[in-house]
Amino acid sequence: MKNRFVIISFLLFLLGSTIYFFEVLPLLKAFIINDECNWVSTFIQYLYPKIETYKNTIDAQALISRANQLIYRSGFILFGVNIIYYYRYPLKIYFNNVNFNPKHIEISYFIYSLYFLYTCFDWVLEIPNLFRLAEFYTPLCPTFIFENSLPSPYLFAVVFLIGTAGLVLTRSNQPKTKSIGAIMMLFNLLFIHSTFCSFGKIDHGYATYFILAMILPVYFWTNDHRFIRFIQIAITLCYAMSGLEKITLSGIDFINPDHFKNILFMHPTSIGNWIKQYDVLCFIIPTTTLLIQLSAPFIFFKPKLIPLWVISAILFHWGAYLIMNIGGFHSPWVAALAIFIPSCFQKKKLLAPILPLVKKE
Amino acid sequence: MTLKAKNTFMIVFLAFLLSPFLFLRNSYPFLRFAMFADPIRTQQAEYYNIHINQKTVSSQNAFSVPEDVFQQWAHDYYSKGDSSIFLHKLEALQKYQGQIELLKSK
């Protein structure tokens, strides 16, 4: 059965790669190099609206090699799925064997809701600016579902009211009421954030915070601690994918000091200017970044490392703020790490119950 | 919620989470990972300066637009060849009158 799954995955990958290299790639090259219109170009223009910008800023070969990554990345994901499938029984036991202290989960939720209030307050102060910059408004999903022009101040007020009411509902003792409250908070976050992102610059700072916000309603509905573990896994995957993205796009160049100097050039600060003078620092900082990001999903195999990783991740975000003025001490990435509080204070060794089973396998 | 429904949610959510990595694009405004991942040869460090009456000014002072947002806008409009549209839109925002110029430096 296990072998059949591996063979089917391999055949699917082979079929996909053949279609890509023999059918799609020639049409893609014709579009990128000769500006020819074909079904691939129509599809790409639909899926990647920024392709016209990229065609003017990135050279054709780099753009094609970026497109080829679809195949490498599919292979990587299929490989990961196969590993998970192969170890599904021990992983299942490990995943189901979670028992967090409810008080610790409550602390995590308190930090999440406190950050929610702070974010909403911050956004309320920024909304007058949106109307001033209305000329630059290009609606993004999910904002365009509601309107094609900048939403009216009344709509903003209603959305904030929904979010605040949701926050109040999450204090209820009824799981379903709590869940509905969390969904209302999520709606508020999505609507306002996507409106802010509809001005040409996407703020990816809320990636992990939104993961937390999206899974919390399910946790409240079920009161199943596995969902807290699932949020943690999803957040670490988010970090790991950031690291992998750097490796797949830049390769070894990412830890080249010149690359980091380039980044510092685009985000000048006094500390960044000082760091730029030392090649060693321009090598150590991106290498540490990669280490923190790529090691993220593995922390669950060594629970003692969880607090260390969380502290490193917080320092990483604070470092990005001090060196490049990106984010802040109150970054949403830092707030989302609060979900690791239950694990940081869990004494029980997570992998202990499954180790004998892995050996048997 | 049944166990099957819970597991289905987790699988669907993971697929949703992996999609930006697989397709190298932002699925939604809130799912975009990895800053500065592009290699040096394609990153092309560039910086846009705004001049009003031949004097360099900061976007924050001239238009109350944060510097990073301004750089992103300038990059997007400039690379699409729409810098004149961009300047026209900026004119409506400027706090004091003057001839606006957009200069790109590398």
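1. In this predicted model, helix 10 of chain A crosses helix 11 of chain A in a right-handed sense. The angle between helix 10 and helix 11 of chain A is about 165 degrees, and their axes lie 9 Å apart. An angle over 145 degrees counts as roughly antiparallel, and helix 10 and helix 11 of chain A are therefore roughly antiparallel to each other.

2. On the side of helix 10 of chain A, that contact is made by Ala207(A), Thr208(A), Ile211(A), Leu212(A), Ile215(A), Leu216(A), Val218(A), Tyr219(A) and Thr222(A). Helix 11 of chain A contributes Phe227(A), Ile228(A), Phe230(A), Ile231(A), Ala234(A), Ile235(A), Cys238(A) and Tyr239(A). By class, the residues of the contact between helix 10 and helix 11 of chain A are 15 nonpolar and two polar, with no charged residue.

3. The loop between helix 10 (207-222) and helix 11 of chain A holds Asn223(A). Asn223(A) is not a glycine, yet has a positive phi, near 55 degrees. Asp35(A) is another non-glycine residue with a positive phi, here about 60 degrees. Asp35(A) sits in the loop between helix 1 (2-34) and helix 2 (39-47) of chain A. For context, most residues other than glycine have a negative phi.

4. Helix 11 (residues 226-250) of chain A also packs on helix 14 (residues 279-295) of chain A, at an angle of about 130 degrees and with the axes 6 Å apart. That angle makes helix 11 of chain A oblique to helix 14 of chain A. The crossing of helix 11 and helix 14 of chain A is left-handed.

5. Which residues of helix 11 of chain A meet helix 14 of chain A? They are Tyr239(A), Ala240(A), Ser242(A), Gly243(A), Leu244(A), Lys246(A) and Ile247(A). Their partners in helix 14 of chain A are Thr289(A), Leu290(A), Gln293(A) and Leu294(A). The contact of helix 11 with helix 14 of chain A comprises six nonpolar residues, four polar and one charged.

6. Over all chains, the structure holds five salt bridges. One of them joins Arg73(A) to Glu245(A), with 3.4 Å between the closest N and O atoms. This pair links distant parts of the chain, with Arg73(A) in helix 4 (residues 60-86) of chain A and Glu245(A) in helix 11 of chain A, 172 residues apart.

7. Between the chains, the contact takes 68 residues from chain A and 53 residues from chain B. Chain A and chain B bury about 6,000 Å² between them, and carbon and sulfur atoms give 72% of this area. Phe136(A), His204(A) and Met241(A) supply 12% of the area that chain A buries against chain B, more than any other three residues.

8. How many salt bridges does the rule find across the interface of chain A and chain B? The rule finds one. A salt bridge is formed by Lys6(B) with Asp224(A), whose closest N and O atoms are 3.1 Å apart.

9. Within chain B, helix 4 (residues 67-79) and helix 5 (residues 83-93) cross at roughly 140 degrees, and their axes come within 8 Å. From helix 4 of chain B, Phe70(B), Trp73(B), Ala74(B), Tyr77(B) and Tyr78(B) meet Ser83(B), Ile85(B), Phe86(B), Lys89(B) and Leu90(B) in helix 5 of chain B. The contact of helix 4 with helix 5 of chain B has eight nonpolar residues, one polar and one charged.

How values were computed. Residues numbered from 1 in each chain as written. Chains lettered and ligands numbered in written order. Predicted model: local features only at pLDDT ≥ 70, side-chain atom pairs only at ≥ 80, totals over all residues. Heavy atoms only, no water. Axes fitted to C-alpha atoms, helices over the stretch in contact; angles between N-to-C directions. Helix = DSSP H or I, 4+ residues; strand = E, 2+ residues; numbered from the N terminus. Parallel < 35°, antiparallel > 145°, perpendicular 65-115°, else oblique. Left-handed = near helix turned anticlockwise from the far one by under 90°. Contact = heavy atoms within 4.5 Å. Nonpolar A, V, L, I, M, F, W, Y, C, P; charged D, E, K, R; others polar. Buried area = accessible area lost by both parts, 1.4 Å probe. Salt bridge = Lys/Arg side-chain N within 4 Å of Asp/Glu carboxyl O.
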